[in-house]
Amino acid sequence: MKGHVKGVILVILLGIFTLAGALMPGIQIAYAHELSIALTLVAVALGYRIYVHGIRSLMHRNVTAQLFATIAIFISVIAGFVLPAASATGTAGAVGYLTASAIVAFIILSGMTLEDYIIHRTRGALEKLINMSPTTARIRREGVEVEVLIDEVKLGEVVLVKPGDKIPVDGTVISGQSTVNQATITGESIPVEKTVGDRTFAGTLNEHGALEIKVEKIAEDTTLAHLIQLVEEAQEKKAPIQNVADRFTTYFLPIMAVVASSVFVASYFALGFDVALSRTVTVLLVACPCALAIAVPVAVAATIGNASMNGVIIKGGTHIEKLKDVKLVAFDKTGTLTIGEPKVVEIKTFGNYSEADTIKYAAIAEKFSEHPLSKAIIAKAAEMNMKIPDPTDFKTIPGQGVNAHYGNKHILIGRKLIEIGLSEEANQLISRVESEGKTAIPVALDKHVIGIVVVADTVRENSLESIQRLKRLGVKTVMLTGDSTLTAKSIAEQIGVDEYHAELLPEEKVAIIVELKKDNVVAMVGDGVNDAPALANSDVSFAMGAAGSDVAMETADVVLLGDDLTKVEYAISLSRKAFNRMKGNIAYAFVWNIVALSLAAFGILNPVLAVVLSEAGCISVVINSSLLLRSKPKLLAEVQG
Amino acid sequence: MNVERVILNASKIDCTGCSTCAVFKAENLQHAIARLNGVLKVKVDEIAGKVTIEYDKEKIILSKITERIGRLGYQVKIISEEEIQ
């Protein structure tokens, strides 16, 4: 910020001296003209930033717009002393030339300062993340609560987080219960429940309850710190379209030097020295390579900054360009479109037994099993606030079920173990459920079937919306899964994907991606770890729910930190917008330069108008690019291709 | 504390002929290095492509700093190293 204040003060001083110098001849005092010249020369000198930059760049063999400006201003100042003396207008004539030089310096310096400021603002998104990084933590040492600097916290220690406090570390909750706003990381502002065993991230906000968190990652190793680093790196990676701009800018200034010399020579012979000088100065001032050079980098930084505020990391300009062309998105099913953990979705009871009885006996038998289906039943029991006693004995029969005793009661779980005792009604239910791709688990008590628990992987809340959004963009959707065709069909119908492929081995997923790539630019969305080969073979890989997984964050082209799949459409839409903006900027800057240059060469512009034009061209490009930072994710109804 | 000053050449073939663009890149580079734990002072001269860094040798090693600059897309060359404290 300090630098900007200094810059603004310089601009204001330069303006004041210019104005004072210009007004001075009107005042009836002795040496008014000499005083005026002195004031104006101070004004010109206050533009030293321009000259220092121009000359130092030249010393490093880099020709810049600032060098041209320096030469132009220098020529004007010299002309101010030489030409009027030759034509006998004396000091009064000198003032005119000098004032013009000072005004030119004023406009250029104002432009440089304003551009620096706007560009500094594009760092806003990154600064926001950096400011969320905690600096202190409250920990318990030898029974006493102390507040320490974050660098002094050690792995394995326990931090205490009060309601309303920022969570200082990545870790696991070991005591307490609360809601945590994770918007910093995931971009999702709806708070998440956190209780014993849940993971927390540094920089997120604890809302209502107190939490004790065991430290797993600190300072530079936290997810937030990685996120910041990735955004920093991504903003520096240039987009291929920049090569177009670079090709122009490399030759731009040398060509301008040639043009300026030709204009001087031609005008000198046709119109005389004075006119030739003025036109040459104007040509030197009108050249605006900045608009071309900066058209893309600022847009890339603003786009990536915008995405990072919405829980999405786009890893560089190249991916923005790939994303804009995506015509097909392939999703992994389990854990991506679905939650990936089976849940009890239906309970059917027989006889006088209740749903609670069915779940209770099933849970007793499954209590010590690690099978995902067992976990679903235990979770359901917990959800129903049941306290589950231990079974007296139990035996898990792989692929079949569980045979257990609880006191003198005999519990059998699983269709293969109790097939004989199933009623017609039960059999009908089982075949219906299986046709929907779900799993039916019959529960028998003392050889009587008391109920059937139906377990299925559930579709994520926003999978359907994500697919709808992509369809509105005109993007095709495909689901890939290793699961059975029945399950795949059922999920595909629920969310409306255009196409699905089931019973795939990992290498078959790769083969399908390669095949799809023949006709389309293909994005693949997965969890970033299990589907790594397929992701690596796609044109743009998305890892979702990647917060906390360093591997996923590191390898994917686009990282969705939360598990909101609608962000796939957001990333594509934002990239399309960003790319159009970049292309527009380059075209605009190019045309602007050509038009301004022609006007200057034919003497339609004077030097002051020339700098106004060139600075306006540059600033409008910078503003246009940096506005990408403000672009918001669309509502479903607003999405269109 | 064991402070060392290192001067690096960080080059990038970007921002032809534009001071604004160079300032922009320099600011990003400066902030990214300054945030590293153990780095005390960073000065980026965008015109010369020179970066002067003072860091605490007990907290960070030079290769970690150069690696970070490399990851930001610059080619790094060490010009001079001197212990100052």
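At what angle do the axes of helix H8 and helix H12 of chain A cross? Select residues 223-236 and 297-309 of chain A: the two axes come within 8 Å and cross at roughly 155° (lines fitted to C-alpha atoms over the stretch in contact, angles running from 0 to 180 degrees between N-to-C directions). That makes H8(A) roughly antiparallel to H12(A) (over 145 degrees; under 35 is roughly parallel, 65 to 115 roughly perpendicular, the rest oblique).

Before moving on: this is a predicted model, where local features need pLDDT of at least 70 and side-chain atom pairs pLDDT 80 or more, while totals for chains, interfaces and linings use all residues. Residues count from 1 along each chain as its sequence is written, and chains are lettered from A in the order written. Helices (H or I, at least four residues) and strands (E, at least two) are DSSP runs, numbered from the N terminus.

Now show Val231(A), Ala234(A) and Gln235(A) on H8(A), plus Val300(A), Ala301(A), Ile304(A) and Ser308(A) on H12(A); they make the contact (C-beta atoms, placed from the backbone, within 7 Å).

Next, chain B: 19 of its residues are in contact with 34 residues of chain A. H1(B) gives the largest share of chain B's side, eight residues.

Hop to Gly38(B), in the loop between helix H1 (19-34) and strand E2 (39-45) of chain B. With 15 C-beta neighbours inside 10 Å, Gly38(B) counts as partly exposed (20 or more is buried, 12 or fewer exposed, in between partly exposed). Leaving aside residues up to four places away in sequence, Gly38(B) touches Tyr55(B), Asp56(B), Lys59(B) and Ile60(B).

Notes. Two residues are in contact if their C-beta atoms, placed from the backbone, lie within 7 Å.
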